[in-house]
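Student: I have a structure open and want to talk it through. Can we start with the strands and then move on to how the chains meet?

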2 protein chains.
Amino acid sequence: MKVVVLVSGGMDSVTALYHAADEHEVVAGLSFDYGSKHNHKELPLAAWHCEQLGLLHQVVPLSFVDDLFESDLLKSGGEIPEGHYEAENMKQTVVPFRNGIMMAIAAGFAESIKAGGLVIAAHSGDHAIYPDCREDFMKPMAEAITAGTYADVKVLRPFIDQRKEDIVSRGSELGIDFSQTWSCYKGVELHCGKCGTCVERKEAFEIAGVEDPTVYLE
Amino acid sequence: MKVVVLVSGGMDSVTALYHAADEHEVVAGLSFDYGSKHNHKELPLAAWHCEQLGLLHQVVPLSFVDDLFESDLLKSGGEIPEGHYEAENMKQTVVPFRNGIMMAIAAGFAESIKAGGLVIAAHSGDHAIYPDCREDFMKPMAEAITAGTYADVKVLRPFIDQRKEDIVSRGSELGIDFSQTWSCYKGVELHCGKCGTCVERKEAFEIAGVEDPTVYLE
């Protein structure tokens with residue numbers, strides 16, 4: 001099947017990109033520049049991996065998100081909280097309906113370039129704090145995309161029954177250079193090692209028993 | 001309920017705006033500049049009606065649609081076909097998953113400005129050629145929006161059981177100046193009177209028995 005892959009430059013979506021290239025015909029990697037503090041770190045890495053695989057990479061500019069939406073993940077928002085992902089204060093980093101917006105745009109793009117599917121790296125550990133990562137969002141959203149497109153575009157979630165550490169194992173198997181992926185929400189020079197997504201990144205490598213090539217600030 | 005209204009500047013969505021202002025607390029009218037041939041005619045009218053009602057009006061720039069998507073409705077596409085809406089060639093004017101994209105963005109915006117609902121002017125006559133106007137798209141999309149937002153944002157479709165002529169009647173009752181609405185896909189100085197949406201506009205006024213204030217080229 002011809003597919004479009006949503007690829008942010010993070011470890012999950014980069015693994016989804018290589019995995020999809022292994023299983024399908026990837027017609028493009030699609031990234032979104034929505035004004036987060038770490039977009040400038042992620043996007044060049046998403047582009048780099050597409051280039052490694054000889055794939056078209058498109059960046060969709062969504063400046064209105066930073067202008068109109070409320071979230072500490074955005075440049076217009078407050079400081080990124082530290083601590084484990086499940087902590088209540090990580091809620092501040094939710095960008096309202098971000099997955100819905102990205103999936104809707106990817107669906108229209110897929111229909112335009114005659115792809116029959118879109119791939120998103122959602123996994124079983126996606127957090128209770130993100131309502132647009134949950135199954136009760138994903139299921140109707142996928143239905144709406146199939147019903148709302150001529151090509152009956154399918155939403156593929158290859159990692160939906162896996163945990164983040166399983167994605168690390170799969171990525172390692174696919175030979176992915178994880179040093180060329182970005183997680184940290186702070187978007188400074190190195191991964192901070194303290195925000196929710198850094199804590200989770202460290203844990204995933206540790207549990208998977210794969211060496212973590214990331215250089216953390218601490 | 002606090003609501004955001006999707007308002008293009010066309011007669012249906014402008015009527016939805018006044019209708020919503022009558023029934024709810026409208027916190028903003030939301031328009032999308034996605035590179036159609038007629039956006040430059042519609043958007044100032046959407047702004048004008050919001051101003052009449054003393055409402056905030058936001059225009060979301062979606063330049064990527066014209067850059068990446070295929071449709072004759074777009075500036076990058078071919079000529080607008082003439083004839084009745086149901087004709088096969090009107091399919092060329094479909095912008096892939098446009099409603100899905102606009103609704104997803106409106107959902108994120110609604111959540112950000114603490115509105116509990118979004119209003120869309122979908123009606124029973126929305127065309128078989130537009131898959132993202134159909135009930136089997138709208139129903140799961142609305143479910144995804146409610147499930148994917150903290151505020152359980154509701155999708156309100158006040159005209160879903162009505163025909164376009166009923167919307168004309170309701171608009172007339174609300175005192176709307178329909179001369180300040182735009183339908184024609186061609187986006188030239190006057191309504192062409194020949195494209196699918198002009199034909200449908202004329203018919204709606206005629207069936208409703210409301211005087212059509214539109215000046216058509218022919």
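**Strands, then chains**

Tutor: B:Gly29 has B:His57 as its bridge partner in β3(B). Strands here are DSSP E runs of at least two residues, helices are H or I runs of at least four, and both are numbered from the N terminus. This is a predicted model, in which local features need pLDDT of at least 70, side-chain atom pairs count only at pLDDT 80 or more, and totals for chains, interfaces and linings use all residues. Residues are numbered from 1 along each chain as its sequence is written, with chains lettered from A and ligands numbered from 1 in the order in which they are written.

Student: What stands opposite B:Phe32 in β3(B)?

Tutor: B:Val60 does.

Student: Are β2 and β3 of chain B paired in the parallel or antiparallel sense, and over how many bridges?

Tutor: Parallel, over 5 bridges; β2(B) covers residues 25–33. Pairing requires at least two DSSP bridges between the strands.

Student: What unit do β2(B), α2 and β3(B) make?

Tutor: A right-handed β-α-β unit, with α2(B) at residues 39–52. Right-handed means that, with the strands pointing away from the viewer, the path from the first strand over the helix to the second runs clockwise. α2(B) lies across β2 and β3 of chain B, at about 165° to β2(B). Axes are lines fitted to C-alpha atoms, for helices over the stretch in contact, and angles run from 0 to 180 degrees between N-to-C directions.

Student: And the whole sheet: what's the strand order?

Tutor: β3-β2-β1-β4-β5 in chain B, an open sheet of 5 strands with parallel pairing. β3 and β5 (154–156) are the edges, each pairing on one side only. Neighbouring strands are turned by 25° against each other on average, direction ignored.

Student: Switching to the interface. How many residues of chain B are in contact with chain A?

Tutor: 34, against 35 residues of chain A. Contact means C-beta atoms, placed from the backbone, within 7 Å.

Student: Which element of chain B gives the most to that side?

Tutor: α4(B), with 10 residues. β3 (57–61), α3 (63–68), α4 (98–112) and α5 (135–147) of chain B each supply at least two.

Terms used
Two residues are in contact if their C-beta atoms, placed from the backbone, lie within 7 Å.
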